[in-house]
Amino acid sequence: MKKINLTLLVMMLSISAMKAQDITYGATTGYNSLTVRASFQGLSGSTSESGIYFGLFVDVPISDKIHVQPEIQYSTIFANGGSGNELIVPIMMKYYLNDKLFLQAGPQFDLILDESPGIKKLGFGFGAGAGYDITEKLFASARFSFGLNNRLDDDTTILDGLGGVAFSDITSKFNFFQVGIGYKF
């Protein structure tokens, strides 16, 4: 987690040196859905859980049409009477199609904050989406992030009744869908 925070801080400081006078800061909140997709020997299945997220962002214009928007979000997912908590760090490149409508894409990191035996805590994905500036301060956006790394710990064995299937034989990826609003301070 210290590496993620340090990386985000260095990136934000580097970008701020480019065009410090136009940087805006803000907050986001909205609906978050986590889909866990697992595959094993050609078979696959998935399950989804819903929750909410809130976070902070920095919007850095590189040109009139291109912005970089790193964020840090706290997400909680509600499932089976309990909840799961994660930090999500998307670093979106935004391209404005006109004064209000933008497309966004970029890497996304997520860190599971709860105990999760057999699951790798750090994940990496690629996100893409779109958004709309409702006013100069308020915007709405939606994005989908595809998990790129296997989240199962290679050293764990499960399903002893099936002869001890190793997690290395199974792949599991986390995908996120978010829709929300943001406010620029």
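How many salt bridges does the structure hold? It holds four. Before meeting them, note what kind of model this is. The model is predicted, so local features need pLDDT of at least 70 and side-chain atom pairs count only at pLDDT 80 or more, while totals for chains, interfaces and linings use all residues. Residues are numbered from 1 along each chain as its sequence is written, and side-chain values use heavy atoms, with hydrogens and water left out.

Start with the overall fold. Eight strands close into a barrel. Their order is β1-β2-β3-β4-β5-β6-β7-β10, and the pairing is antiparallel. Strands here are DSSP runs of E with at least two residues, numbered from the N terminus (helices are runs of H or I with at least four). Two strands pair if DSSP finds at least two bridges between them. From one strand to the next, the twist averages 25°. For such angles, axes are lines fitted to C-alpha atoms, for helices over the stretch in contact, and the angle runs from 0 to 180 degrees between N-to-C directions.

Look at one pairing. Strand β6 covers residues 122-133, and strand β7 covers residues 138-147. Nine bridges join these antiparallel strands. Gly-129 stands opposite Arg-143 in β7. Strands of a sheet pair through backbone hydrogen bonds, either parallel or antiparallel.

Now return to the salt bridges. Side chains of opposite charge can pair when their charged atoms come close. The cut-off is a side-chain nitrogen of Lys or Arg within 4 Å of a carboxyl oxygen of Asp or Glu. Asp-59 lies in strand β2 (residues 43-61) and Lys-94 in strand β4 (residues 82-96). The two are 35 residues apart. Both Asp-59 and Lys-94 are buried. Buried means under 20% relative accessible area, exposed means over 50%, and partly exposed is in between (1.4 Å probe, protein chains only).

Another salt bridge joins Asp-110 and Arg-151, at 2.8 Å from N to O. Asp-110 is in strand β5 (residues 101-112), and Arg-151 is in the loop between β7 and β8 (157-158). They are 41 residues apart. Asp-110 is buried, and so is Arg-151.

Asp-133 and Lys-184 also meet in a salt bridge, at 4.0 Å from N to O. Asp-133 lies in strand β6 and Lys-184 in strand β10 (residues 170-184), so the pair ties together parts that are 51 residues apart in sequence. Asp-133 is buried because its relative accessible area is 9%. Lys-184 counts as buried at 10%.

Next come the rings. The whole structure has seven aromatic pairs. Rings of Phe, Tyr and Trp (its six-membered ring) pair if their centres lie within 6.5 Å; planes under 30 degrees apart count as stacked, over 60 as edge-to-face and the rest as tilted. Tyr-96 and Phe-102 form a tilted pair, 5.3 Å centre to centre with 55° between the planes. Both Tyr-96 and Phe-102 are buried. Phe-144 and Phe-146 form an edge-to-face pair, at 4.6 Å and 70°. Phe-144 is partly exposed because its relative accessibility is 28%. Phe-146 is partly exposed too, at 44%.

Ring pairs also link Phe-57, Tyr-96, Phe-102 and Phe-139 into a cluster. Here Lys-94 returns. Lys-94 lies over the face of Phe-102, 4.4 Å from the ring centre. Its charged end also sits over the ring of Phe-139, 5.7 Å from the centre. A charge sits over a ring if NZ of Lys or CZ of Arg is within 6 Å of the ring centre and within 35 degrees of the ring normal.
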